Amino acid sequence: MKENDKDKGNPVKKVKMSTVLYGSAIFVGVVLAVGIIFIYRFNSAKKIPIYIYNHIPLPAVIVDGTSFISIGEVNQDLLSIKKFYESQDFSSVGLRTDFTTEDGKRRLKIREKELINKMIEDRAIEILAKERGIIVSKKDVNDNVDRKMDEYSSQEKIKENLNKLYGWTIEDFKDKVVRPGLYKDELEKWLAENDGKEKNEKSKKNSADALAKIKKGEDFSKVLKDISKDDSILGGKLGWFKEDQLSPEIRKDVVSLNKGNSSDILESDLGYHIIKLDDVNEANGVKLYEISQLFFPKTSFANWLDKKIKEIRVSVLLTDYVWNQKSGMVEFKDKKMDEFEKESLNKADKDASLLAL
């Protein structure tokens, strides 16, 4: 009887132990779930200890399904931006910086949105670069920093300034600034030597063909009409300009034209231009130039990157923001914040926190 009772007792103990274990696991799971919901719903570096972000890298943004930007990264970089503005003495130039007021907190939120967009751009550039076989090694980063350090007399002073202005170490500077910058430089070089080269040569040829027609006596507007079937070619009347409103790269050639005449091919960073001076006038002693243009664009890295980012899958998990695939940008979910941002930027000359870093 005692042996039977003992045998019967074991299963009871096992069931109770398993129940406790399962119950504990469920409890821990619920606590973690509630904690995660709290973090996403009430994300704030002040409310959640930075230690948690460093040890539980919860994603704020997922780029291309493989690259994660954590909530901790966003909050740490935002604190660095805040530190930069608060460490400056803007009062000497009549500007203020105050993040303690309600408006100040919202201005910091504008900075957070800009920061997230920049972080997404950096991740996208790295993804695009690696897809094209471009790898920036740790040695590349270190060599770049060492060269820059050699240009300055005091490395200790640089380290001191990084810490004072942003709370960064040299390693932070390498990771947040140097490495993304090198990936961007290398990707830009790749574009110029590959996709960009073919398009630029095509634009140059098209501009030469158009100029040849004009020189044979064809009317500027007819040439424009003929080539407007190509969506990559832009043109038409641009309106009236003062001399100093014209791009420095084409200004001299445009103002030297006689009324009714067209320029040769003028090259700028944007592309190839053929300008016609439609009319000249004068108002209050200032000359005005009415111009038309045929424009054959080069491959712009900024435009190419913008297009590529719009093609990448981006998921924003923070509740205050949404990803606009059409614009390729993170935007505020709250439309009142959009309005506040527009109003604030119109007053940027009075608040240092809205000036570019």
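Predicted model: local features only at pLDDT ≥ 70, side-chain atom pairs only at ≥ 80, totals over all residues.
Residues are numbered from 1 along each chain as its sequence is written, and side-chain values use heavy atoms, with hydrogens and water left out. Helices (H or I, at least four residues) and strands (E, at least two) are DSSP runs numbered from the N terminus.

**The sheet**

- Three strands form an open sheet in the order β2-β1-β7, with antiparallel pairing; two strands pair if DSSP finds at least two bridges between them.
- β2 (67-70) and β7 (314-316) are the edge strands, each with a single partner, so one side of each has no neighbour in the sheet.
- From one strand to the next, the twist averages 20°; angles run from 0 to 180 degrees between N-to-C directions, and axes are lines fitted to C-alpha atoms, for helices over the stretch in contact.
- Strand β1 (residues 59-63) runs antiparallel to β2 and is joined to it by four bridges.
- Val 63 lies opposite Ser 67 of β2.

**Helices on the sheet**

- Helix α3 (residues 71-86) packs on the sheet and touches β1 and β2, its direction making about 50° with that of β2; contact means heavy atoms within 4.5 Å.
- Helix α4 (residues 102-131) also packs there, touching β1, β2 and β7, and its direction makes about 155° with that of β2.
- The 30 residues of α4 should span 44 Å at 1.5 Å a residue, and its end C-alpha atoms are 44 Å apart, which agrees; the expected span is 1.5 Å times one less than the number of residues.

**α3 with α4**

- The two axes come within 10 Å and cross at roughly 125°, and α3 and α4 are therefore oblique to each other.
- On the α3 side the contact includes Glu 73, Leu 78 and Tyr 85, and on the α4 side it includes Leu 108, Leu 115 and Arg 123.
- The residues of this contact divide into eight nonpolar, one polar and six charged; Ala, Val, Leu, Ile, Met, Phe, Trp, Tyr, Cys and Pro count as nonpolar, Asp, Glu, Lys and Arg as charged, and the others, Gly among them, as polar.

**α3 with α6**

- α3 and helix α6 (residues 155-166) pack at an angle of about 100°, with axes 6 Å apart, which makes α3 roughly perpendicular to α6.
- Ser 80, Lys 83 and Phe 84 of α3 meet Asn 163, Lys 164, Leu 165 and Tyr 166 of α6.
- Three nonpolar, two polar and two charged residues make up the contact of α3 with α6.

**α7 with α8**

- The axes of helix α7 (residues 170-193) and helix α8 (residues 195-215) come within 3 Å and cross at roughly 45°.
- Trp 190, Leu 191, Ala 192 and Glu 193 of α7 meet Asp 195, Gly 196 and Lys 197 of α8.
- The contact of α7 with α8 has three nonpolar, one polar and three charged residues.

Terms used. Parallel < 35°, antiparallel > 145°, perpendicular 65-115°, else oblique.
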